[in-house]
Amino acid sequence: MSNYVISCCSTADLSAEHFNRRNIHYTCFHFELDGKQYDDDLGTSISFNDFYEAMKNGAETKTSQINADEFIESFEPFLRDGKDILHVSLSSGLSGVFNSASIAKDMLEEKYPDRKIYIVDSLGASSGYGLIMDTLATLRDGGMPLKELYDWITGNRLKMHHWFFSTDLSFYVKGGRISKTSGAIGGILGICPLLNMDNEGHLVPRNKIRTKAKVIKEIVKCMEAHAENGHDYNKKCFISHSACYDDARQVAELVEDTFPHLDGKVVINNIGTTIGSHTGPGTVALFFWGDERKN
């Protein structure tokens, strides 16, 4: 058994079963739905279907990150048991949670001077962040020491690609990510924006694709252009979606047809309540290992 723990935030958007099976510790973000507070606990407190249905019906959402005290509470039992910790946070381009985890690290290292705590900014989100964690679990299980694992993820995190599209622009308008005029025109023309994550962990619009059928083909073309070893890509591929499973399944089937050497079937996850509070329903995201991301 490893002498260290790998840890992340619930915003890695894997299922509870997946986290438990891979022995990945996670700490929950928080959100509000029409003023009622919940933990982002992977669909336990409120189902994903109910959450997105409430958003469709006009419910107001807010999110809050994990604070330093919560990280201390989450980390300390492992340190008391003589375990070191590698915690990977949600992208600093989307949240200040990396700073909260770093504050907790500094405080705990004073109390446990013999223990090692590494904090890494994933520069990722949702199941791309989750695929990073799944890969770290494989490397840990293969016997990689903690410092080598820290060095590996620090050197490779920008090779995790995040591409996504949305068929419902209303929540991007509501959140100020696109203008009301652009949202209205996009809705009339059936435009589905294609976005990705840059090398600073920010979400960046790349193309405006007309019709869902075309954007599904285009997102897989992005994987063809950037995946490690091209069509011979032989690692895992994850997808996450917000209340649009059929669209996610179409992308998964096209990926599986295009990349015959995948490590297993494409894994489809739900976009969790923290990330989903900002995307709303109708978003599909595709994640894979590839060349280094550029701005």
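**Ground rules**
I number residues from 1 along each chain as its sequence is written. The model is predicted, so local features need pLDDT of at least 70, side-chain atom pairs count only at pLDDT 80 or more, totals for chains, interfaces and linings use all residues, and side-chain values use heavy atoms, with hydrogens and water left out.

**Confidence**
I checked pLDDT, the predictor's confidence in each residue from 0 to 100. The protein chain has a mean of 93. Of its residues, 92% reach 70 or more. I flagged residues 179–189, where pLDDT stays under 50. For that stretch the model has nine contacts beyond four places in sequence; a contact means heavy atoms within 4.5 Å. Where pLDDT is low, the predicted coordinates should not be read in detail.

**Four-stranded sheet**
I took helices (H or I, at least four residues) and strands (E, at least two) as DSSP runs, numbered from the N terminus. Two strands pair if DSSP finds at least two bridges between them.
I found an open sheet of four strands, ordered E2-E1-E6-E7, with parallel pairing. Which strands stand at the edges? They are E2 (25–27) and E7 (117–121). Each has a single partner strand, so one side of each is left without a neighbour in the sheet. From one strand to the next, the twist averages 25°.
I then looked at E6 (residues 84–89) beside E7. The two run parallel and are joined by five bridges. Leu86 stands opposite Tyr118 in E7.
Next I looked for helices on this sheet. H5 (residues 126–141) packs on it and touches E1 (4–9) and E6. The direction of H5 makes about 175° with that of E1. H6 (residues 146–156) also packs on the sheet, touching E1, E6 and E7. The direction of H6 makes about 10° with that of E7. For these angles, axes are lines fitted to C-alpha atoms, for helices over the stretch in contact, and angles run from 0 to 180 degrees between N-to-C directions.

**Three-stranded sheet**
I found a second open sheet, with three strands in the order E4-E3-E5 and antiparallel pairing. E4 (36–39) and E5 (61–64) are its edge strands, each pairing on one side only. The twist averages 25° from one strand to the next. E3 (residues 30–33) pairs with E5 over four bridges, in the antiparallel sense. Glu32 stands opposite Lys62 in E5.

**H3 on H4**
I looked up how H3 (residues 68–80) meets H4 (residues 97–111). Their axes come within 8 Å and cross at roughly 45°. H3 and H4 are therefore oblique to each other. (Under 35 degrees counts as roughly parallel, over 145 as roughly antiparallel, 65 to 115 as roughly perpendicular and the rest as oblique.) On the H3 side, the contact includes Phe71, Ile72 and Phe75. On the H4 side, Ala104, Met107 and Leu108 are among the residues. By class, I noted eleven nonpolar, one polar and two charged residues in this contact. (Ala, Val, Leu, Ile, Met, Phe, Trp, Tyr, Cys and Pro count as nonpolar, Asp, Glu, Lys and Arg as charged, and the others, Gly among them, as polar.)

**H9 on H10**
I checked H9 (residues 212–226) against H10 (residues 245–258). They pack at an angle of about 40°, with axes 10 Å apart. That makes H9 oblique to H10. Residues of H9 in the contact include Ile216, Val220 and Met223, and those of H10 include Val251, Leu254 and Val255. By class, the contact of H9 with H10 has seven nonpolar, two polar and four charged residues.
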